[in-house]
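I opened the notebook with a few things to look up, going from whole chains down to single residues. The entries follow in the order in which I made them.

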Amino acid sequence: MLMSNSIPDLPVTKDPVLSIEGLSLFVRTDDGRRLKIVENASFSIGPGQFFALVGESGSGKTMIARAVMRLVPDAVLEIDGSIRFGAYDLAHASERILRPLRGAEITMIFQEPMSSLNPLMTVERQLMEVIDAHGRFKGPEQRERIIELLRRVRFRDPELILRAFPHELSGGMRQRVMIAAALINEPKLLIADEPTTALDVTIQREVLDIIAELARDMGLAVLFISHDLSLVYENADEIAVLYGGVVMEHGPARDIIERPAHPYTAALLACVPHRRVKGSRQAGIEGSVPSVADWRQGCRFVDRCQQARDACRSGDIPLVVDGPRSVRCVAPLLLGERH
Amino acid sequence: MARAIALRLLGVIPVLFLVTLVLFVLLRLAPGDAADLLMPDDASEEEVSRIRERWGLDRPVLEQYWRFLLASVQLDFGRSYRYGEDVFELIVNRLPATLELALIALVVAAVIAIPLGTVAALKKGTALDGAISVFAIAGVSTPTFWLGIILVLFISAEMNLLPSAGRLPYGVALPHVTGVHLLDALLAWRLDLLGLIASYIILPAMTLAFGMIGVIARITRGAIIDVAQEEFITTAVSKGLARGEIICHHLIPNAAVPIVTIIGLELGVLISGSIIVEVVFSWPGLGTLLYQAISVRDIPLVTGIVVAYTSLFIFINVAIDIIYFMVDPRIRASQAV
């Protein structure tokens, strides 16, 4: 069983901002197949909470992010389960309900700042249109609000940035413009889909700090998608580790980082450079994420797991809950076994 | 930007030089020259050679070409053999009719094709998309002359709905200012004539536009489908923008560069197509003039008209470049250096 002592104080999550229950996602391919890419995921994010959803590419994390905002056409992505946001179930909400929420209550920033801004519009127009679409600021307030947000994402000369076209800005600057656009209407939930992955390492930290700082100041709930545990462990309150479309481990961030219970989480942590033991080689995880077409019974990580045993290869592995933590493993690591 | 446009306009010079050289040589390679053609059959060999001498036709081709170049930079293309009038003036008189027809055909084609292509892209894979595709392919593969004749036969001759020839009926006087009838009617405030003028333009303009509609609609569809997959469209959706706003502000402007490009290329088709359409509908423009000039080997007139068409084509392309500058700030930036 999991050790459950030393639980850190969690933000009170009585009324979560976002609550995902039993979420399964299916992609319909052109040749008519229906592939399950996320299976039975559940988690919730409270006000002001920084929630990191971590997994390798192909784990389904981006699809979860896009499902929350319903950015993928129904003809392509089928959603099972519920995505509760306030009074709404986003999984089954109509466009009429979704549109006023998008850009105002729930906002999103993307992985590729180079392509997520319209190349033909000035920054001012791109910020103005999201204000205009929701009518929370009117008249001269609109421009003031834009300038204020550009300052808060650390532009020294907002007037200059307003007149710029995206191609005149660097990747980091564009991502800051995206953050400004995402926060301008004071949303309740920000979804950040690998917002720093495409940036230079030196800029990554700054952009992440801006997101964390503004989220704290605004009491914003953040769903932060990343493949990189080392990037999120300083800022995240909670972490869910996704592998092959399944939540493998979930719990308070510090707890998970210090005592990973799932061998996959432990392997991910071993990849983080500054955590590795002196003299040892940079670790990687052998093999790759199984493609959705290869899913079968048992644990999806079994072929890459050093702790694999017979019990891992059959049946459904349940998510075992222990206090604030849960893990999907027949033989979770114990505190003493890790090193 | 002004510099970039000036450079493009300068590029006209070598193109015109090459076009006229090729034309000059080709026209003179054909057996028999203008003197043979124009002198009466019973003229003596001596009289013909005297004429040849007078027109400089006995000089080497390159020397003739040099004289032609010297004269043409002063817009002197000589006199038409057939009409006896100054070639440049003949062209200037006929050009407005051609421009009016071509521009209206272009506007009609764009106004029909761009929404059709957009709808096809947004409804990709549906029956509507299929129907638009069939219409587009029909447009591309219908020969202009055939469509023109069919329209004349059915709409004019059979149903008597629209006139089939000319620009205006006999006896209707329109003050000549620009030579573009719709514009002249507006300038003279003869609004009563607009409908009449339009009734003459509709059939030839539709004939000319039909082929372009297919091509422009297909390109628009492809361009919109490509842009729809761009990440900034997802951004626009995630901002909660209305569907119409996303289409008009994000989708179509970003699809504009390929659409404008194909329209520019289609203008070449438009110009050559207009020659046939003008002949079919007896439209008194450059096309009919060229047709007549070729049939009587009126060399100065043919040369002049080809120079006019070439210049027109090049100027249109410069105009397309200017549209690029207006649409895309990245192109503006790359040309500013």
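**Entry 1: between the domains of chain B.** I note at the outset that this is a predicted model. I then asked which helices of chain B supply at least two residues each of the side of domain 1 that touches domain 2, and I found helix 1 (2-10) and helix 2 (12-29). Helix 2 of chain B gives the largest share of that side, with 8 residues, and the residues of the side divide into 13 nonpolar, 2 polar and 2 charged.

For the extent of this contact I wrote down 17 residues of domain 1 of chain B against 16 residues of domain 2 of chain B. The area buried between the two domains is about 1600 Å², and carbon and sulfur atoms give 79% of it. The assignment I used places domain 1 of chain B at 2-72 and domain 2 at 95-336, and their C-alpha centres lie 33 Å apart.

**Entry 2: between the chains.** I turned next to the contact of chain A with chain B, which takes 26 residues from chain A and 21 residues from chain B. The area buried between chain A and chain B is about 2000 Å², with carbon and sulfur atoms giving 60%. I counted 2 salt bridges between the chains, and one of them joins the side chains of Arg66(A) and Glu231(B) at 2.8 Å, N to O. The polar contacts between chain A and chain B come to 11 residue pairs, both partners being at pLDDT 80 or more.

On the side of chain A that touches chain B, at least two residues each come from helix 1 (61-69), strand 6 (106-109), helix 3 (123-132) and helix 6 (171-183) of chain A. Helix 3 of chain A supplies the largest share, 4 residues, and I noted the division of this side into 14 nonpolar, 7 polar and 5 charged residues.

Entry 3: Is Ser274(B) buried or exposed? I found Ser274(B) in helix 12 (residues 243-280) of chain B, and it counts as buried because its relative accessible area is 1%, where the cut-off is under 20%. Beyond the neighbours within four places in sequence, Ser274(B) is in contact with Thr98(B), Leu208(B) and Tyr309(B). I also looked up Ala102(B), 172 residues away along the chain, whose C-alpha atom is separated from that of Ser274(B) by 7.0 Å.

Helix 13 (residues 286-295) of chain B has several buried residues, among them Leu286(B), Leu290(B) and Ala293(B). The buried residues of helix 13 of chain B pack against helix 6 (87-122), helix 12 and helix 14 (299-327) of chain B. After helix 13 of chain B comes Arg297(B), with a positive phi near 50°.

**Entry 4: chain A and Thr29(A).** I recorded 10 helices and 12 strands in chain A, and 55% of its 339 residues count as buried. I found Thr29(A) in the loop between strand 1 (18-28) and strand 2 (34-45) of chain A, partly exposed at a relative accessible area of 22%. The side chain of Thr29(A) makes a polar contact with the side chain of Asp31(A) at 2.4 Å.

Methods
Residues are numbered from 1 along each chain as its sequence is written. Chains are lettered from A and ligands numbered from 1 in the order in which they are written. This is a predicted model: local features need pLDDT of at least 70, side-chain atom pairs count only at pLDDT 80 or more; totals for chains, interfaces and linings use all residues. Side-chain values use heavy atoms; hydrogens and water are left out. Domain bounds come from an automatic or database domain assignment. Contact means heavy atoms within 4.5 Å. Buried area is the accessible area (1.4 Å probe) that two parts lose on being put together, summed over both. Ala, Val, Leu, Ile, Met, Phe, Trp, Tyr, Cys and Pro count as nonpolar, Asp, Glu, Lys and Arg as charged, and the others, Gly among them, as polar. Buried means under 20% relative accessible area, exposed over 50%, partly exposed in between (1.4 Å probe, protein chains only). A polar contact is a pair of N or O atoms within 3.5 Å; within protein, one must be able to donate a hydrogen and the other to accept it, and residues adjacent in sequence count only if both atoms are side-chain atoms. A salt bridge is a side-chain nitrogen of Lys or Arg within 4 Å of a carboxyl oxygen of Asp or Glu.
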